[in-house]
Amino acid sequence: MNFTEFVTRSALNKQITIVDGLPKILKEVKAIGRNLNQLTTLCNMGKIICPELFELKEQYSNAVVMLDEIARRCS
């Protein structure tokens with residue numbers, strides 16, 4: 001939530017929810033996306049064939065678990 005959204009919600013007496021840990025997870029998901037884009041580019045260039053995606057899958061799985069934990073805390 002940026003400052004403008006915070007002020008607007010405050011002024012309208014709407015509920016404001018702050019989620020601890022979300023920036024860390026967003027950073028992780030962005031890194032996974034960058035890694036996938038790099039692998040895709042290398043595949044399209046013919047520099048690699050059939051990359052091993054085990055680490056990428058594991059990172060994504062960990063991010064999903066963290067998001068699930070945050071969702072449980074917020075509900």
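Glu69 is placed in helix H3 of this predicted model, where helices are DSSP runs of H or I with at least four residues, strands are runs of E with at least two, and both are numbered from the N terminus. At a relative accessible area of 48%, Glu69 is partly exposed; this class lies between buried, under 20% relative accessible area, and exposed, over 50%, as found with a 1.4 Å probe and protein chains only. Along the chain, Glu69 and Gly21 are 48 residues apart, and their C-alpha atoms are separated by 9.9 Å.

The conventions are as follows. Residues are numbered from 1 along each chain as its sequence is written, and side-chain values use heavy atoms, with hydrogens and water left out. Because the model is predicted, local features need pLDDT of at least 70 and side-chain atom pairs count only at pLDDT 80 or more, whereas totals for chains, interfaces and linings use all residues.

**The chain as a whole**

The chain contains three helices and zero strands, and its pattern along the sequence reads α-α-α. The C-alpha trace spans about 55 × 25 × 15 Å along its principal axes. Its radius of gyration is 18 Å, whereas a compact globule of 75 residues would have a value near 11 Å; the radius is taken over C-alpha atoms, and the globule rule is 2.2 Å times the number of residues to the power 0.38.

Of the 75 residues, 7% count as buried. The accessible surface comes to about 6,500 Å², and carbon and sulfur atoms account for 57% of this area; such areas come from the Shrake-Rupley method with a 1.4 Å probe, and for residues only the protein chains shown count as cover. Contacts (heavy atoms within 4.5 Å) can also be sorted by separation in sequence. Among those between residues at least 6 apart, 56% join residues at least 24 apart.

The chain carries 10 positive and 8 negative side chains, and the centres of these two sets lie 7 Å apart. Lys and Arg count as positive and Asp and Glu as negative, while His and the chain ends are not counted. Each charge is placed at NZ of Lys, CZ of Arg, CG of Asp or CD of Glu.

One salt bridge is found in a search of the whole structure, the term meaning a side-chain nitrogen of Lys or Arg within 4 Å of a carboxyl oxygen of Asp or Glu. The partners are Asp68 and Arg72, whose side chains meet at 3.0 Å, N to O. Both residues belong to helix H3 (residues 54-74) and are four residues apart, which is about one turn of the helix. Asp68 is partly exposed, at 36% relative accessibility, while Arg72 is exposed, with a relative accessible area of 61%.

Leu22 is situated in helix H2 and is partly exposed, its relative accessible area being 29%. Apart from neighbours within four places in sequence, Leu22 is in contact with Leu67 and Ile70. Pro23 also lies in helix H2, which covers residues 22-45, and is exposed, with 60% relative accessible area.

Glu5 is found in helix H1 and is partly exposed, at 41% relative accessibility. Asn13 occupies the loop between helix H1 (3-11) and H2. Although Asn13 is not a glycine, its phi is positive, at about 55°. Asn13 is exposed, at 73% relative accessibility.

**Separations in sequence and in space**

| Pair | Separation in sequence | C-alpha to C-alpha distance |
|---|---|---|
| Leu22 and Leu67 | 45 residues | 7.7 Å |
| Glu5 and Ile16 | eleven residues | 9.6 Å |
| Pro23 and Gln38 | 15 residues | 23 Å |
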